[in-house]
Amino acid sequence: MKRPYPFYSFYIVLLTVSLAAGEPLRFNQDVLPILSDYCFQCHGPDQGSRKADLRLDDVAVLEQEADSGMEIIATGDPDASELIYRVTTDDSDEVMPPPDFAKQLDDSQKAILARWISEGAKWEKHWAFEPVIRPGIVSRGDQDPIDHLINRKLEEQSIQPNPPAPPAIWFRRASLDLTGLPPEPEEVDQFLSDLDFDGAVERLLNSHRYGERMAWDWLEASRYADTHGYQKDNLRSMWAWRDWVVSAYNQNLRFDQFTIEQLAGDLLPNPSTSQLIATGFNRNHRINAEAGAIDEEFRTEYVIDRVDTTSTVWMGLTAGCARCHDHKFDPLTQREFFELFAFFNNIEEKGSDGVAATSSPDLQIKLRGRGKLIAAKADELRMRETELNKAAASQTAEFTKWEKEQKHILENGNHWIVIEPEKLTGDNSGSTFTLLPDSSILFGGANPLNDTHRVSIHSPGHLEIQSVRLEALSHESLTHQSLSRSFNGDFLLSDMNLLLNGNPVKFGSATATMETETNSVKHAIDGQSLTGWSVGGGQKGPAIATFVLTEPIILKIDDELEVQLAYLSREEQYFIGRFRISLGTGRPDAGEVSQSIYQALTERDNQSLLREFRETSETLQDLRQARNTARAQFTAAEKAAVTRVMIMREREGEPRETRILNRGLYDQPGEIVTADVPKFLTPSLPPSAPRNRLTLAKWLVSPEHPLTARVAVNRFWQQLFGTGIVKTSEDFGRQGERPIHPQLLDYLASEFVSSGWDTKAFLKRLVLTEAYRRSSVISRESAERDPGNRLLARGPRHRLPAPAIRDQVLLFGGLLVEKIGGPPVRPWQPAGLWEAVAGVNSNTTKYVPDSGEARFRRSLYTLWKRGVPPPNMILFDAAAREACTVKRQSTNTPLQALVTLNDPTFSDSALALAARETRNSGEDSEVLRNMWRRVQVRDLAGKELSILRTVLKTQMGHYQSNHDLAVQRTASVDSVPDPVRLAAFTELAEILLNLDTTLTNY
Amino acid sequence: MNQHTRRQFLGQGSRLGIGAMALESLLRRETGAAGTPPSGKARRVIYLCQSGAPSQIDLFDYKPSLEKRYNQDLPDSVRDGQRLTTMSSGQERFPIAPGIFKFKRHGQSGQTVSELLPHIASISDQVCYIKSMHTEAINHDPAITFLQTGAEQAGRPSFGSWVSYGLGSGNDDLPSFVVLLSRGSGRPNCQPLYDRLWGSGFLPSKHQGVKFLSSGDPVLYLKNPPGVSDKTRERNLEAIANLNHLHHESYGDAETLTRIAQYELAHRMQASVPGVADLSDEPESTFKRYGPRARIRGTYAYNCLLARRLIERDVRFVQLFHMGWDQHNALPKQIRGQCADTDQPSAALVKDLSERGLLDDTLVIWGGEFGRTVYSQGALTEDNYGRDHHPRCFTIWMAGAGVKAGHCHGVTDDFSYNVVKDPVHIHDLNATILHLLGMEHEKLTFRYQGRDFRLTDVHGKIVKGLLA
C-alpha cells in the first residue's frame, strides 16, 4: 500500500540544490544526528518513553513494517517508506515530529532522510563505539603522518595552509600550552640562538611547571576542591592527591597506569602509599554535612557522581542521563548504569559527613623532609621536661607544704566523687552515649541541632553535696581530637540543671577553667536557653566547670539524681563530645582535691602526688610554661608532618548490594544488579575477573577499548589546538559532534596506545607538527571558509586559561614563588566575599589572606572553596569544581578587563614589572624594549614603539605635575628613588599586561 | 560624582580611540537566544528570594481550625508516609502547633495575610498569592539549588542566567543579571548561600550573576589602583586599544575587536556602577517608604531600593537573597525579626515600581525554597514552637507584569500539609515566569553533553490561573 506523498518530489529537487551530488551520504555523519536529535526522544533507546514500539536507533528497523503496512524504511525507495511519509505529510495527526514537539525538521533535513533511503539506507553503528581503525598512511619523507592527514584534507578543500609562525611566537605558544607560563627572555634568547625545536620542547616537558599545568585540567575533570561543598562547605584535606597528580605528570606516569592507580590503586597487590593516594580521584566529589540530611540519599549521590565522572573522563559518555531511565540517545540502559554504579558502591562511607577535613575512608600520610625539625623539637621538649622534673624533685619543702595542704582539705571532707551514671539519654532519638573506663561519657550517633542530655544516678551513700563538677574532655572521635563533634570543636552548654528525686535544685554560682569572653560559664545557670558556656574552637581541654549549689543537699542512699545538660541555643550541634560529672562534698571555696589526688593520698601513691605537685605548684610556673611551649611546638611540628587524604577502600565482608533505583531515587530500590560494563562496548569483561574497580580500570585501558584512547587524545588535542577533533570532548555519544577528522583521531588514538600511553612523547609530537607551528593569522578568506579553524590551516589561537592569566603576571613582575605542592594557600582576594554568604556553623566563613610568599604561588595552589571560588579564576571561565568538567568556555567580558586592570594581584605585578625593568636598565627606550620583550616574547616594532613612547611621555608629564599620585601609585614598593619615573613605567606595564596579545595564546 | 559630571564623564568615555565598528556591534542592545527583543509582558524580573524557607502557616496560609487542635498529634493520614529530615524523624510525636499570629482579610480582593506582614498585606490587591507551591527536596542545599536552577544537583545555570541568555542585556553599561545579598536579623546563624545559586552553569559565563557587594567596591575590582586617575586610565585604555588595533590589522581575529569593546564597556561600568549604588540623590520620601534601614548598605531594605534603581536602568534580572528564614525553634521570636527586615521594603518596592510605571513590565517574585511543618519541632508551648522543613506545600507571591492581581491560587488541606487544589510545582512556576517573559520554556534550551537542557528539565506547565 502506498500513501500519498505530496511533497516528496519537492524535497528531491531541493536536495539536488542543497547537497553536492558526489559522495553518497554517510549514515553516522549525515543521518544519525537528525534521527538522534528529532526522533530518539520517543523512538530511541529508552524503553520507558518509546512510542508505537518503534526504535530508530537499531538496525532492526530496516526490517520493520508500520501499522499502515508500509515498510518503515523501504531500502532504495523513499516513496514507499513510512518514515518519509510521516515527516512530510501535512496531516497534523500523522506528521512527525508531532506539531507540539519543541524541535521541528527543516526541509533540508527531510531531504537528507529521503536521499539516504534512496541511496540504499546504509546503516552504520555509532562510530565511537566501534573499534579504533588505524588508517594506512602513505608517508611523505619525514613529514609526520599527522600533518599528512591534515594537509590532505586541506588539499581536498583547496585551502592553502598558513606559513610557520615566527619561532619566538611558536616558543611562547608551546610554553604556555605545556607549562602554563610564557618563556623568560633568557630562554627565548637560548632558543633563538640554536632554533632547536626538539630541545626546547624537551626542556618544557622536563620543567616541573609541566606537571602543574597538566594538573589544572585534571583537577577540573575530577572536581577537586579544598572544601566539601554543599551547604556547610567546610575545609577538606585532599591536597596530597593534587600533589600526586602533579608528580604523576612530571614523572610521565603511563596514562594506562595513571588510570589504574586512580580508579583502583587500593586493589593493586600490596599498594604503595602513592597508589592509595591516587584513588582520591573518586573522593573529590562534594560531601553534605547539612543537619537533617538523610544518609542514604547523599551516599547515593556520591556513588552516582563517581559513575558520571568516570564515564565522562575516560569514555566521553554522558552516563548520568541513564540514572533515572534508559539513555535517550545512547544504548546505555538504566540497568547498565546501576551495574557501573555497583563498582563504586562498596566503600565504608557516610552520606551525611563532611564536617571534618576528611571523611572515611581516609589515610594519614607522613610528609617527607620533616624529620629533622621534629627531632629538634623533641630534644627541646625532653630538655624542658627534665628541667621541670628536677626542679619539682628539689622543692622538697614546698612539696611537703603542698601535701599538707591537700591532706588538710581532704580531712575537711572537701573532695569530688566522680559519678558513674546508670542511665544516659538524649531527648532526640538516635544519639548514643558510651561509658568509658574513666567514667567519662562519649557522645555519638545522631547529631541533632539541639538536644538535652540527661545523666541519672543513684546516690552512692549518705552524702552532703555542695557542688557539681562538669569536665569536658577530648577524644579522637571528636573534631580534630577536640571537645565536641561540632565543626570547630566548640560547644555551647545552654543550661546545667540538677534534679533531686525529680525536683529542681538551684545553683548559686559557677566557675570554669576555660571560657570565652561572651559565653562565660555563669550563662549556663542563667535559665536562658539562648546563652550558655563555651570554650572556643579547637580546644583540647580538659575544660572544667564547677557549679555550686545555693544550699547543700543531703543525699540518702538510693536517692535519685539527674544532671541535665541542655543545648538549646542557636548554635547547631554544639554538644560536649565527652564529659565526666563529679559531685563535690564540702565547700569548694575552701579548696579542692581532685579525684587523682584524693586517690593518691588515700593510697599513699607518692609518684602521683609528685606529679600533681609539679603540675599545680606556683613556684614551678615558669618552668612549666617553658615545658608547655616546647610541647606545643613539638605537637605542631608533628602535626605539620602528616596530612590526611580521602581514598577508596573496599568494605570488609560481603559487598554492599546494589539495586536499580527507580527514577534514580535512593528510596525506591528495585532489582538487584551486579557490577558489569555496558553491553554495547567491547570487549566484555573476562568471565573469571573479579567484578571490582581494578577489573573496570583494566578494561578501560585495554587496547581494544573503543573510547578511552580516543577520548584522551582528543582532550590533549583540545589543550593544544583549542578545540578537540571531536568538538564535544565531553560527549562521544550519538548527540556529540562527529569527529571533524575521523582518520586523524583514530591514528592518534592508535599511536598513543602503541607508544605505551606515553603522554609526554605524545604532546611533544603534537607541538612539533606543522599544524601546531603555523602562524595564526586569519585572512578574510580563511575566516569565511573555516571560522573555527577546524581544518587547521592556521595555527592555534585561544585566550589563556584562568590560571595562566594570573600566573604569568606574577612571573613578569618577578614575584612568582615556584614552590611545588603542599597545603592550599590563600592569596589576596577582595574582602568580604566569604562573609557575605556564610552561615555561622562552618569553618569557611571568613577569608584571611596569607602573608609572605603564599600570596605569590601558582594559582593551582590557591584554596578552592566551592561555595565561593576565587573570583579572578571564575571570571576567566575556570570550572566551578562542583561537578566534572572537561571542556571550558572561553569568554570575553568587561569584568575580565576589570580583573587585569584593577585586581591588586595584577596592579602590584605591573608595579613590580616596572620596578624590575627600570632597575635593570637606564635608558627609557631600553626599559621599554625589555619590558615589551619580557611580556610579548618578541621585539618591539616601530608603530608600537611610537604609541608607547607617546603615552610614556604623557604619563611622565602627568606624574611630574602630580607627584603625590606617583607616590601613591608606587607605594607598595620599598625605597623608590624616582616615583615619577616608576609610576609612569607602571602605566606602561599596565598597558602591556592588558594587551590582547598578552591574554591570547596566538 | 554628581549626575551632571557623570554624564560628561560618560560622554568622554565613549570618545576613546576605540574602533567604532566594534563598539557599535558590542553596544547594540543584545538580543538573546530567543532571537527577538523581549515580547512578553514582563521585560525585567526582581526575585526576592527568602532563603531558609519562611513558614507559610504563620505568614499566609491561614488555618483557623488548627487552634482547636493545639498539641494534638498530626493524623498519620495527613502525613501519609511523607519522609522527614533526620532533625525531626526521631520525634516521638508530632504535636500540631497552630500559628499564634492573627490573620485578617486585606484589600478589595480580601486576601488573608498574617499580622506579621502589614505592609505586604496592604498591597494585596496587586499581588497573586500561590498557596499551593510544592517541591521535592527536604534539605536546604538541594532545595534552594532546585528553586534557583531547576535541579537539585549543582552545575545547572541559574534562573537569572537563563533569562540573561534568553533575552540578552537590557542596558549598555551594567550587567544584565545582578545579585544582592542580605542577612536576616531573625536567626543570626543563617543558612549560608553559595555562588552557584547565581552561576551560569554551562551557559557562557557572561550570563552569571554579578554580585553587588555590601562592602568595598560595589562590583569586584571596580576601583582603579591607588594613584591612578581617570585621565591616566583613559590614556592607557587608548594605548591598549591602539596596540590591539595594530594586532588586529595583522592577525585579523574578530575576538580582538570584541576585547577592545569590552575594555570600553568595563570603563563605562566603572563610571555607572557607583552612580547606581549612590543613594544621595534619593529624596527623604524614599527612605520613609522603604524604611530607615534602606540607608544602610547590605540590608534587605537597601537592596530593595537598589533593585528599583537597577530596574530603572534596565537591568534584566535582579536577584535578592535574604537569609535567616530557617525557624526550627523559637519561631515566634525569629520570624518577627525576619518580617521586620523584609515586610516594609518588599511592599515599598512593589508600590514604588507601580508608581513609576515600571510594574507594568517588571515581575516581582517573593518566596523561599520550601515550606514548614504544621507540627512543632522540639517543645511546643503556648507561645513557642519550631517548624521543620516541609516540601509538600508553601506560599510564593508574585506581582507585576502579566500576573493576575488580587488573586489567590491553590488550596491546601486544613493542616497546611498537602495541596488539595491547583498544585504548582517549581517547574510550573518557572515555566509560567518564562512565559511572562515571552519565552517558551520548552524552547529555551542550551546543548550540553549532547542534551538540550532547559530550566524546567523535562517538566513544567504554564499555570494559566496565574496570568492576568
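Guide: The answer below begins with the meeting of the chains and then turns to other parts of each chain.

This is a predicted model, in which local features need pLDDT of at least 70 and side-chain atom pairs count only at pLDDT 80 or more, while totals for chains, interfaces and linings use all residues. Residues are numbered from 1 along each chain as its sequence is written, and chains are lettered from A and ligands numbered from 1 in the order in which they are written.

Where the chains meet, 90 residues of chain A are in contact with 72 residues of chain B. Two residues are in contact if their C-beta atoms, placed from the backbone, lie within 7 Å. On the side of chain B that touches chain A, the elements giving two or more residues are α6 (140-149), α8 (230-251) and α9 (254-277) of chain B. Helices (H or I, at least four residues) and strands (E, at least two) are DSSP runs, numbered from the N terminus. With 12 residues, α8(B) gives the most to this side of chain B. Sorted by class, this side of chain B has 26 nonpolar, 32 polar and 14 charged residues. Here Ala, Val, Leu, Ile, Met, Phe, Trp, Tyr, Cys and Pro count as nonpolar, Asp, Glu, Lys and Arg as charged, and the others, Gly among them, as polar.

The helix α8(B) also has a partner in chain A. Two packed helices are described by the angle between their axes and the distance between the axes. The axes of helix α33 (residues 942-961) of chain A and α8(B) come within 10 Å and cross at roughly 180 degrees. Axes are lines fitted to C-alpha atoms, for helices over the stretch in contact, and angles run from 0 to 180 degrees between N-to-C directions. The helices α33(A) and α8(B) are therefore roughly antiparallel to each other, a term for angles over 145 degrees, whereas those under 35 count as roughly parallel, 65 to 115 as roughly perpendicular and the rest as oblique. From α33(A), the contact is made by A:K943, A:E944, A:I947, A:L948, A:V951, A:T954, A:Q955 and A:H958. From α8(B), the residues are B:T232, B:R235, B:A239, B:N242, B:L243 and B:L246. The residues of this contact divide into 6 nonpolar, 5 polar and 3 charged.

Chain A may now be considered as a whole. Its secondary structure comes to 36 helices and 18 strands. The C-alpha atoms of chain A fill a box of roughly 115 × 85 × 50 Å, taken along the principal axes. Chain A is divided into domain 1 (8-124), domain 2 (415-592) and domain 3 (904-1001), with bounds from an automatic or database domain assignment. The centres of domain 1 and domain 3 of chain A, taken over C-alpha atoms, are separated by 64 Å.

Of the 1002 residues in chain A, 50% are buried. A residue is buried if 20 or more other C-beta atoms lie within 10 Å of its own, exposed if 12 or fewer, and partly exposed in between, with C-beta atoms placed from the backbone. Helix α27 (residues 802-812) of chain A is mostly covered, as 11 of its 11 residues are buried. Just after α27(A), A:G814 takes a positive phi of about 75 degrees.

Chain A also holds an open sheet of 5 strands in the order β3-β6-β12-β8-β9, with antiparallel pairing. Two strands pair if DSSP finds at least two bridges between them. The edge strands, β3 (423-426) and β9 (503-505) of chain A, each pair on one side only. From one strand to the next, the twist averages 25 degrees. Strand β8 (residues 495-500) of chain A is joined by 6 bridges to strand β12 (residues 560-567) of chain A, and A:D495 has A:A566 in β12(A) as its bridge partner.

In chain B, 4 bridges join strand β2 (residues 103-106) to strand β3 (residues 111-114), which run antiparallel. Within this pair, B:K104 stands opposite B:V113 in β3(B). The strands β2(B) and β3(B) form a hairpin with 4 residues between them, and B:G107 in the turn has a positive phi of about 75 degrees.
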